[in-house]
Amino acid sequence: MSEFFDALETRDPAEREAALMAALPRQIAHAQAHSAALGEILAGVDAAAVTSRAALARLPVTRKSELLARQQASRAAGRDAFGGFAAVRYGPAMPRLYASPGPIYEPEGTARDYWRAARAMVAAGFRAGDLVHNAFSYHMTPGAFIMESGAHAVGCTVFPAGTGQTEQQLQAIADLKPQAYLGTPSFLRILVEKAAESGSDIASLKKGLVGGEAFPPSLRDWFSERGLAVYQSYATADVGLIAYETASRQGLVLDEHCIVEIVRPGTGDPVAEGEVGEVVVTVFNPDYPLVRFGTGDLSAVLPGTCPTGRTNARIKGWLGRADQTTKIKGMFVHPGQVAEIVRRFPEVTRARLVVSGEMADDRMKLLIESAGAQGLGERVAEAVRDVTKLRGEVEVVAPGSLPNDGKVIEDARSYK
């Protein structure tokens, strides 16, 4: 096997974009016809006209909170456990279903490498014939199955280790001598440290693909010093693989079978390249056809392409959470309200609501980027009261002066 999973990874970017945009109208029409929830969310949308990113950006974003709310309402009414989002039903077309925290229930279809994880494994050095120690949880959640299906697609054999029982896992590694690890980075570190303490032989492990947690460069280097080349994947139970790390160690390359947008938190508006925002994903999965699904994760697009020869766009990786809803003086204020305020004033380019003070003494200030206009601060302050039902100070700052960290609401209160 080459260093690439398939030829799609090295396509001309224009060819890739044309292929994605050609497939997009068909997927939207499929979602409208076969997913009751998406039929409602996308009611009135002419699927045939959604042939560009600009057209896609006009569709509503469905965030995880809405998916959960729809599922809960549907289950309470004795209807579909998936809230109408699944396009398959129980039986041969759905061999398994899973639960994620919420609980949110996700279906698994019958497609080989259903979550498309194999591409990330090849980039991490996994090859046919490898024995893989899979330490993701096999209990209720799909993490282990996401990775196992990808490993099988590569041609690997999988040992389903699951979580916990560190001593038994070390014994299995010593006995079976797997070449590769799948699991969280924190548990791999536990295994390495316990092996050093107990004298267990885990020298066969040379590579790994991790996920489910942040994977800082310091930990990556710690593994490297101990002979382990460990890479990170970015996937969710809802949409499968989104992006993956390569040997270049320069960001995460986007998967070939999804469309990724970075939008301003609380809105569906794409941000400029390099600006931090929420990761929104559209997948081409016929069984669970999520369109503009808001992951709640923050990231940003990196300029250029990967030095390994992969030509798809790259993102910086996980940069935090987009849901910054904050309670101020007993009232919830969320990023969508800040976005609503900004929409009322074309001369305002960006905004950041800073909440300060001490316990029971909340104060809020809206910082707005603008070249300046007569009386702008006063007019925006009125909009703040109208939208949030709270009084707040407004300060006009120079364009480009707010931090590029994806925060729309910053909680700077002291609770000492």
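This is a predicted model: local features need pLDDT of at least 70, side-chain atom pairs count only at pLDDT 80 or more; totals for chains, interfaces and linings use all residues.
**Entry 1: domains**

I began with the division of the protein chain. The assignment gives domain 1 as 13-321 and domain 2 as 326-411. I looked up the separation of their C-alpha centres and found 34 Å. For the contact between the two, I noted 9 residues on the domain 1 side and 9 on the domain 2 side. The area buried between domain 1 and domain 2 comes to about 660 Å². Carbon and sulfur atoms supply 54% of that area.

I read it as 5-4-6-7-8-9-10-15-14, with mixed pairing. Which strands stand at the edges? They are strand 5 (157-160) and strand 14 (301-302). Each has a single partner strand, so one side of each lacks a neighbour in the sheet.

Strand 10, residues 252-254, is joined to strand 15, residues 314-315, by 2 bridges in the antiparallel sense. Leucine 252 has isoleucine 315 in strand 15 as its bridge partner.

I looked at how strand 11 meets strand 12, residues 277-283. The two run antiparallel and are joined by 6 bridges. For valine 263, the bridge partner in strand 12 is glutamate 278.

**Entry 2: helix 8 and helix 9**

I ended with a helix pair. Helix 8 covers residues 185-198 and helix 9 covers residues 217-225. Their axes come within 11 Å and cross at roughly 35°. What is the handedness of the crossing of helix 8 and helix 9? I have it down as left-handed.

I listed the residues that meet. Helix 8 contributes Pro185, Leu188, Arg189, Val192 and Glu193, while helix 9 contributes Leu219, Trp222 and Phe223. By class, I counted 6 nonpolar and 2 charged residues in this contact, with no polar ones.

Conventions. Residues are numbered from 1 along each chain as its sequence is written. Side-chain values use heavy atoms; hydrogens and water are left out. Two strands pair if DSSP finds at least two bridges between them. Helices (H or I, at least four residues) and strands (E, at least two) are DSSP runs, numbered from the N terminus. Axes are lines fitted to C-alpha atoms, for helices over the stretch in contact, and angles run from 0 to 180 degrees between N-to-C directions. A crossing is left-handed if the near helix is turned anticlockwise from the far one by less than a right angle, and right-handed if clockwise. Contact means heavy atoms within 4.5 Å. Ala, Val, Leu, Ile, Met, Phe, Trp, Tyr, Cys and Pro count as nonpolar, Asp, Glu, Lys and Arg as charged, and the others, Gly among them, as polar. Domain bounds come from an automatic or database domain assignment. Buried area is the accessible area (1.4 Å probe) that two parts lose on being put together, summed over both.
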